[in-house]
Amino acid sequence: MRANYIGQSVQRLEDLPLVTGRGRFAGDVSFPNQVHMRVVRSGHAHGRIRSVDVTRARAAPGVVAAWTAADVAGLRRIALREGPDARLEPYLQPVLAGERVRYVGEPVAVVFAEDPYLAEDAADLVGVEVEELPAVLDAHEPPSEFAPGRSTEPLVLRKGFGDVEAAFRAAHAVVELDLSIGRHSGVPLETRGAIACYDAARDLIRMYGAAKVPHRTRDGIAHVLDRDPATVHLHEGHVGGGFGVRGEVYPEDVLVCLGALRLARPVKWIEDRYENLIATNHSRQQRHRVRAAVDAGGRLLAIDDAFFHDQGAYPRTHGARVVDLTAAMLLGPYHVPAYRIAGHYRLTNKTPAATYRAPGRYEGSFVRERLMDAIALRLGLDRVEVRRRNLIPKTALPYRRELDAIGDEVVLDSGDYGGLLDKALEGVGWQKLQKDLKRRRAAGETVGAGIAMYLEKSGLGPRDGAHVTVDHTGGVEVVTGSASLGQGVETVMAQICADALGVDYRRVRVIHGQTDRIPKGIGAHASRATVMTGSAVHVAATSVRRKAIEAAAALMRVPADTLDIIDGRVVRKDSPDAISMDLGEVARSQASAPDAPGLSAEGWFESDHMNYPYGVHVAVVKVDRETGGVNVERFLIAYDVGRAVNPMLVEGQLAGGFAQGLGGALLEEFEYDGRGQPLSVTFADYLLPTASETPLVDVILSEDAPSPLNPLGLKGAGEGGITAVGAAVAAAIDDAIGIPGAVTRLPVTPMRLKEILDRANTPPRPVETGRGSG
Amino acid sequence: MEFDNTLEVSLPPDEAWRVLLDIRRIAACIPGAELTEVVDERTYKGKVSVRIGPVAMSLVGRARLEEVDHANRRARVKAQGADPKGRGSTDSVIDFRLEPAGNGTRVLIHTDVKLAGSIAQYGRGSGMIQSVASQLIARFGEALKTQIAESSSRPATAANAVPPPAKPASGLALIARALWDSIVRVFRRQQRR
Amino acid sequence: MKIALTLNVNGRDHPVQVEARRTLADAIREECGLTGTHLGCEHGVCGACTILLDGEPVRSCLMFAVQAAGRRVRTVEGLAEGEKLHPLQRAFIEHHGLQCGYCTPGFLMLATGALERNPDIGDAELLEVLSANLCRCTGYKNIVTAVRAAAGEMRLRR
Amino acid sequence: MKPARFEYHAPKTVESAVALLAEVAPREGRVLAGGQSLVPAMALRLAMPGHLVDINGVAGLDRVRVEARELVIDACVRHAAFHRQVVGGPLGALLSHVVRHIAHYPIRIRGTFCGSLAHADPASEWCLVAATLGARMTARSVRGTRVLTAADFFQGPMATALAADELLAEARLPLLPADARFGFHEFSRRAGDFAVAMSLATFRIGNGVMTGVRLGIGGVEGSPRRIGAAEAMLEGQRPSSTVLRAAADQVARTVEPLDDARYAAGYRRDLARVLARRALESAAA
């Protein structure tokens with residue numbers, strides 16, 4: 001089968017409507033006679049609700065209805081996406097808060113009115129009286145009481161293998177770090193939105209504005225409303241970025257559906273930015289107390305980590321998934337004989353947290369790579385060399401770790417970690433770079449470089465399906481359970497289908513995010529779409545190809561094996577110009593075929609193991625010692641994607657991930673005051689990187705380790721751009737200011753860096769810790 | 001946000017103490033404050049209007065004189081108030097303590113301003129709010145000083161006479177992040193006309 | 001209390017009735033039905049709502065519709081001439097200057113305004129101009145490349 | 001984040017504008033010029049003016065002209081007007097150097113010079129220029145016209161001496177002597193962000209010594225101001241690095257910085273020292 005699209009940087013099918021203003025984002029969806037919903041949110045971080053008075057709101061101009069928790073008392077709480085977890089059941093979030101408010105931004109009441117301005121006017125008239133309670137704001141202080149008899153630490157997740165105590169006893173040296181990652185999140189440019197309509201004739205609720213996991217969210221909404229999922233259809237239009245935080249079940253999704261049902265009018269809700277920054281999932285905030293035992297050569301003998309995950313007020317649909325991923329992926333590409341990790345999942349009075357691009361891995365990579373730099377410092381080894389000698393050798397793969405990652409046994413499928421390290425060093429010109437930096441430092445500049453290595457995970461199973469149909473014009477429709485968040489899933493699926501079937505990729509129309517077009521689907525997240533849906537499309541398209549050739553062979557009365565399909569035509573292999581048949585003709589001929597009319601096929605792809613792409617990040621920074629300001633001058637990403645369906649799109653994912661990683665390293669943080677009031681509620685305080693702060697990233701894409709787990713050797717690329725940016729930038733800052741191990745907390749704000757520099761000018765306090773202090 | 005201020009007055013401690021317990025006088029010292037109703041001997045309703053650049057707010061609520069300790073001349077005023085347009089609310093505590101100072105009195109004021117709602121959430125503005133809050137408290141201290149000094153020359157005003165409404169403390173403005181502590185009425189729903 | 005006025009958008013007059021508080025962004029999207037202009041923050045930082053007002057890029061969320069009466073408004077829907085795309089639109093496609101596309105209309109209008117005012121804009125000044133808008137997907141690399149490529153082509157066509 | 005309701009007025013003359021302002025001021029009436037600071041506050045429903053007097057339609061408020069050795073900047077002159085030098089000599093160069101630091105290009109198209117002064121955000125570059133160069137502000141109302149000096153005009157964060165019914169009709173900046181030098185430096189987290197700290201220095205150099213020294217600090221305190229104690233240490237001195245450093249240290253001792261979680265007072269004090277020195281060094285270069 002000749003591949004002529006896979007591997008090509010073809011232009012995207014998605015772009016034309018988006019560059020001409022003909023996109024259909026949630027905000028662009030409207031229905032006649034619709035009402036607008038506005039949510040009234042708690043202004044207190046923690047308290048007992050004494051009263052919620054909607055009388056004045058109900059009387060306000062243009063108001064159709066106003067509800068408090070009492071009006072939705074019958075609703076279930078928002079459940080976990082992957083199924084119930086007894087440990088978290090008592091902590092799930094209600095759609096509207098009735099007795100307690102637990103974070104600023106928590107929905108307490110909702111107003112429906114003729115237009116968004118009137119809805120907001122009315123919402124301001126809702127009186128919420130709260131008797132304030134002390135706010136819990138620190139996830140690593142001892143847990144307190146969530147409710148009578150319920151601790152704010154629902155669970156501690158433990159993983160590990162090998163004899164950790166023995167390793168520390170035998171250690172030549174032990175390094176110990178206390179590291180923190182700041183609270184930040186995906187913050188897509190389009191805020192959330194949901195528009196629901198109720199079709200009374202068919203007792204069917206339709207919700208527009210779905211994203212990421214439409215089928216799972218349909219089930220989640222149906223669960224809360226106690227309806228059969230078949231009576232709830234979700235539709236995905238254009239989505240203005242997801243990054244993990246959008247598409248999950250939120251209180252507002254349930255409220256628009258219930259509104260449409262009860263008010264018998266379409267209900268439109270568009271989140272504003274103030275709400276987005278206090279109500280859409282936060283992420284990342286963790287504190288790690290970690291130590292590593294190493295031998296005299298700097299080889300890792302054991303890693304022992306206890307970390308405190310600031311989950312915020314309630315578990316969201318992900319439950320403790322981020323804690324699981326942090327623990328499962330922390331070891332990265334290094335061979336570690338003994339490992340023990342305890343993830344304390346703690347609730348605080350902040351906006352609930354969940355997954356954000358490379359969840360658990362951005363946090364874990366900062367911890368791991370800071371450890372590697374600390375080991376290099378302690379043993380006087382070169383930072384690159386200490387990584388190289390701990391890498392899992394190419395020959396050892398597939399490499400099994402006695403751990404599971406969100407229920408999946410961790411088996412590193414394929415990889416040449418050392419080889420990619422060499423490519424990265426060669427690509428960035430590491431030796432010349434060190435000389436340049438030394439020269440510039442001598443000239444008085446504060447410049448430095450940092451390096452970090454990481455594993456990613458992709459192709460999250462268990463299965464995906466696709467349905468490929470050739471229509472009478474020879475056009476091809478591919479129906480998938482996937483989702484588009486802007487990553488180019490339509491183009492990638494079209495390339496895969498076009499190659500398998502033998503048509504022009506521009507003739508392929510890819511359907512995603514429509515729960516009424518395909519019963520099952522797991523959407524697009526965790527870098528799974530290309531691997532799982534792509535493989536399913538390949539399987540389906542391959543069987544359509546076989547069917548087409550068999551049908552054409554019968555019609556053309558020639559043996560099937562003499563035929564091929566090129567550019568949408570069934571041709572004879574030996575003489576492509578001779579008689580041939582257009583696929584549309586073949587499809588028409590099958591229109592009345594007895595058993596399966598039409599030319600189409602379903603394809604399923606199962607996988608019980610994720611696969612593991614991997615990468616290297618190199619950062620070069622310049623520090624202004626007097627202000628603490630940091631400027632990232634250069635950044636390089638070397639990444640092995642197994643096989644790139646569209647290199648241009650893979651590089652786009654890596655460049656976008658990098659920019660978000662840069663934000664988390666230097667600029668972005670959700671801060672709270674002592675009373676739990678959020679301090680980052682506008683874009684003047686929550687700082688996204690602009691073009692001026694984001695250097696043009698260099699990308700080295702390698703395909704040295706195709707995955708053996710799927711027919712095309714694919715691995716995911718959606719998250720690998722962000723994973724180790726925090727770690728690499730921190731290392732580069734240490735190098736620039738000449739204080740190894742200085743950065744222990746992200747983001748590195750100017751004030752924090754200035755404090756580090758000022759402290760360094762005062763006499764250094766001893767950092768050494770005794771050997772083997774367990 | 002916590003502030004400590006001290007001021008010296010010429011009045012001897014017991015006389016100064018009597019002024020301090022007269023909420024009407026205290027209210028008159030607060031820039032932009034207006035006492036609207038006397039609920040009982042220790043509880044007063046009022047509102048404070050403040051302008052912060054383009055932001056003009058009035059916090060309507062109540063103040064209660066609690067923990068009045070005549071022996072040690074200490075008093076605590078608990079003030080709660082909210083903006084009728086839903087932009088936020090404040091819970092503030094002001095602790096007074098009088099000490100003799102020569103033949104006059106030293107008044108020690110400790111103020112703790114707690115804020116909630118959107119007025120408390122603008123990171124960039126919090127520095128400004130702190131600066132204005134301390135300026136307002138300083139102005140309150142000055143006004144209190146003159147009140148106490150003047151009172152020695154005339155008897156306490158009639159029980160529930162209400163001082164004229166003051167113009168908003170527009171002179172001092174700050175971006176929203178809630179400012180000032182004040183002696184106001186506790187928030188009640190029907191306040192929100 | 002609604003005010004009657006006419007908005008001239010992409011050369012076409014739209015008689016509308018709006019409250020004074022209705023932002024220009026909302027009027028373009030709702031009253032004029034041109035949903036290509038997007039709202040990303042409604043407080044003037046992200047630039048997704050950027051349109052051209054008498055040829056200059058402005059945040060349409062920071063203006064009230066009543067203020068745009070009698071002015072020439074251009075939005076992304078007015079860039080192409082029928083099926084013939086504007087050089088910037090083509091460049092964004094060719095250089096993968098967009099992923100989710102939510103910020104794209106804002107960047108297209110910002111770049112159109114900047115290039116029409118100064119077709120020979122230097123790299124440093126172009127980067128400063130493009131820093132006015134936020135993008136969360138691309139990391140800006142391909143946006144800068146696309147705008148530079150279009151600037152070259154627009155210069156040739158002048 | 002939709003603004004609350006207000007009544008809109010679009011006067012055509014200055015007289016009708018101030019008359020309207022007098023009428024609506026007691027009912028929370030405010031002037032709308034560029035709107036780049038007011039409208040975000042309205043979208044967030046922090047500011048809920050009852051009336052807006054839109055002066056964009058008033059004829060003759062968009063002129064920049066030199067009058068009696070002063071650059072007169074009308075109420076509706078946009079930041080973008082300063083992208084090119086509006087007047088010859090150092091003042092024109094200073095203004096077009098500073099304007100680059102103000103927000104972003106689309107904001108500078110609509111935002112106005114006088115609007116920045118009236119809004120008086122501690123991080124406003126134009127307020128620092130006005131305070132440092134000793135601008136004079138013309139306030140007009142139905143009660144007449146009065147001129148305020150910068151020292152009287154700025155009264156704290158977002159606080160000016162303007163009464164509620166006064167329109168800031170124009171700002172007057174003294175022309176700088178032809179041989180005047182200037183240095184301006186700002187520290188902000190991202191390109192175009194609010195300044196965390198900034199400094200403007202101007203002086204002349206006559207036979208090797210600095211004269212007419214003006215040194216302003218902005219973003220650090222509630223309002224921008226000149227630091228007289230530091231200016232005194234520079235006046236008549238040679239611009240040597242030790243002299244400039246000593247003056248910068250004096251600035252750090254003199255300022256009373258704002259304080260918050262993200263930028264503590266001590267940090268702002270350090271920034272004031274650094275930026276004052278850098279501004280002086282640029283001016284002396």
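Among the 5 pairs of chains that touch, which pair has the most contacts? Chains A and C do, where a contact means that the C-beta atoms of two residues, placed from the backbone, lie within 7 Å. Chain B and chain C, by contrast, are joined by no contact, and their closest C-alpha atoms lie 13 Å apart.

A word on what you are looking at: this is a predicted model, in which local features need pLDDT of at least 70, side-chain atom pairs count only at pLDDT 80 or more, and totals for chains, interfaces and linings use all residues. Residues are numbered from 1 along each chain as its sequence is written, while chains are lettered from A and ligands numbered from 1 in the order in which they are written.

Let's turn to chain A. Its secondary structure comes to 18 helices and 30 strands, which are DSSP runs numbered from the N terminus (helices: H or I, at least four residues; strands: E, at least two). The C-alpha atoms of chain A fill a box of roughly 85 × 75 × 50 Å along the principal axes.

An automatic or database assignment sets the domain bounds:

| Domain of chain A | Residues |
|---|---|
| domain 1 | 15-22 + 460-606 |
| domain 2 | 31-133 + 192-270 |
| domain 3 | 286-459 + 610-761 |

In chain A, 17 residues of domain 1 are in contact with 18 residues of domain 3. On the domain 1 side, helix H13 (489-501) and helix H14 (529-556) of chain A are the elements that give two or more residues. H14(A) provides the largest share, 6 residues. The C-alpha centres of these two domains, domain 1 and domain 3 of chain A, lie 38 Å apart.
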